[in-house]
Amino acid sequence: MDLKSRLNDPTLFKTDSYIKGEWVGAQTRFQVINPANMAPLAEVADIEAEGAHKAVKAAHQAFQSWKKVSPFEREVLIQRWHDLILENKDDLATLLTSEMGKPFEEAKGEIDYGAGFVTWSAQEAKRLYGETIPVQRAGTRGWTIRQPVGVVGCITPWNFPAAMITRKCAPALAAGCTIVIKPAEDTPLTALALAELADRAGFPPGVFNMITGEAKEIGPVLTGSDDVAMIGFTGSTEVGKLLMEQAAKGVKRVALELGGNAPFIIMDDADLDKAVAGVIHSKFRAGGQTCVCANRIIVQEGVADAFLAKLKPAIEAVKVGDGFDRDVKIGPVIHLEALERIEDLVRDAQDHGGTVLSGGHSLRARLGGAFFEPTLIEGASSASKIWNSEIFGPVASVYRAKDEADILAMANNTPYGLAAYVYTRDIGRVYRLSEGLDYGMVAVNAPSVGSPATPFGGVKQSGIGREGGKWGVEEFTNLKFVLLGDVE
Ligand code: SIN
């Protein structure tokens, strides 16, 4: 049975782009592949620069009226989009698992997570408050207002094909911006279904646009057009730097959620069972392909043996397979190049003193797709690739450390600064480590950090700006100061 006929509502299966309220095809199309079996799923419109310019123009025209729509009306439309997303959760998750590979239950969880940003932003539309400011000269008044920045180009990744779209688009729309979204080439089907639902929600034509195609074709249009005010991007630091460089020519606002190299710290007073459960969740969510997942598991040496003795069987119990199969916790990685990259990381870790305690091999031959064994490595040196780069695969790499100072120095020894995790029951350590870690987010005794209400983002080379909460909506606004002179 093909993917379209597996959906309760086959009209959610879209393969054209959505510009100014119309579905628009292209002369050429590109294939979307299921990484669990390498079978083609669909052929999607390959929009070129000309189509991207049309989408920007539509968004720019629509902005002139959308920015004036009452926030209460914007709330209604955004909330309608939210409700439709939840009504179609199973279909969205079916598309998501098919093109990205994450297990179906986890895919449904992502739809809930993503919908959470939509309803939060819908509410927040009404709360973009300004302030009145006492000014120096008698008879004058000052106040601030928040206004939408304009057209936002949203470039989104494949690891969260739904939630990274909603986390950018919903707050941008709530702030009064219009949007042109370019979803990842690997996972456009979930994205296009979200566009279909936005169409049904009734956004005026041009407010919500989605174009599929190659980054090298669409990216420069978004960063180069004078009609685009801001770029919102989630993806690698390498691509983020390139976009920032391109956007700098027009002094465009950027919000960048980039790569991470998260330390997952286990102090000697931690509850080891909770720490093991935390590692399993953080490390293997989305098959280890998240920017915030445990990348360097740093354990205080006094408990390292006991911790590894608990972690090894827990990793060996994780089931790998097609995301639609029962009990599967890890699906395939996104494609075969990613699989080869992970094999190389494991080899390199061994060349740099690491010992593979579990797994370590590709399952491509046995399972047919881009599968890798859940893997546990211990003791690779800080010169290894696995220490220095985002693993983006189901490989847990453990390191021993002496004391708090040693741990902090190791954890901060990276150009990245997105998320960090600490397991401890000592309140002094909670303060010292959460304040000493050079990261945008620190989770203590918890394995995940993102939520619709809280700020998500990094420092150093992990990005600029915050998504989520009131900060995520403010990001899409300009703060304007108004001074009123003597009116007597
Ligand atoms: C990401 O990995 O890019 C996002 C993860 C999250 O929102 O938790």
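**Labels and their cut-offs**

Guide: The count of disulfides is 0, where a disulfide is a pair of cysteine sulfur atoms within 2.5 Å. Cys-169 is in no disulfide, and its nearest cysteine sulfur, that of Cys-154, is 4.1 Å away. The model is predicted: local features need pLDDT of at least 70, side-chain atom pairs count only at pLDDT 80 or more, and totals for chains, interfaces and linings use all residues. Residues are numbered from 1 along each chain as its sequence is written, and side-chain values use heavy atoms, with hydrogens and water left out.

Visitor: What makes Cys-169 buried rather than exposed?

Guide: Buried means under 20% relative accessible area, exposed over 50%, and partly exposed in between (1.4 Å probe, protein chains only). Cys-169 has a relative accessible area of 0%, so it is buried. Cys-177 also counts as buried, at 0% relative accessibility.

Visitor: Why is Lys-68 called exposed?

Guide: Its relative accessible area is 67%, so Lys-68 is exposed. Lys-68 lies in the loop between helix 2 (49–66) and helix 3 (71–87). Helices (H or I, at least four residues) and strands (E, at least two) are DSSP runs, numbered from the N terminus. From Lys-68 to Glu-404 is 53 Å in space, C-alpha to C-alpha, and 336 residues in sequence.

Visitor: What makes Arg-341 partly exposed?

Guide: Arg-341 has 35% relative accessibility, so it counts as partly exposed. Arg-341 sits in helix 12. Its C-alpha is 9.2 Å from that of Phe-392, a residue 51 places away along the chain.

Visitor: What stands out about the phi of Lys-20?

Guide: Most residues other than glycine have a negative phi. Phi of Lys-20 is near 50°, a positive value in a residue other than glycine. Lys-20 is in the loop between strand 1 (17–19) and strand 2 (22–24). Its relative accessible area is 42%, so Lys-20 is partly exposed.

Visitor: What about Ala-286: where is it, and is it buried or exposed?

Guide: Ala-286 is in the loop between helix 10 (272–284) and strand 13 (294–300). Its phi is also a positive value in a residue other than glycine, near 55°. Ala-286 has 3% relative accessibility, so it counts as buried.

Visitor: What is the kink in helix 11?

Guide: The bend at a residue is the angle between axes fitted to the seven residues ending there and the seven starting there. In helix 11 the kink is about 30°, centred on Phe-307. Phe-307 is one of the buried residues of helix 11, along with Val-303, Ala-304, Leu-308, Leu-311 and Ile-315. An α-helix has 3.6 residues a turn, so residues three or four places apart point the same way.

Visitor: What makes a space a cavity rather than a pocket?

Guide: On a 1 Å grid over the protein atoms alone, a cavity is a set of points where a 1.4 Å probe fits but cannot get out. A pocket is an open set with protein on both sides within 12 Å along at least five of seven lines. Lining residues have an atom within 4 Å of a point. Grid points are joined across faces, edges and corners, and a volume is the space filled by probe spheres set on the points.

Visitor: How many cavities of 30 Å³ or more are there?

Guide: There are 2 cavities of 30 Å³ or more. Strand 11 (residues 253–257) gives the largest share of the lining of the largest cavity, 3 residues.

Visitor: Which residues lie nearest the centre of the largest pocket?

Guide: They are Trp-158, Phe-233, Gly-235, Ser-236 and Val-239, out of 36 lining residues. About 1,000 Å³ of space lies in this pocket. Helix 9 gives the most to its lining, with 6 residues.
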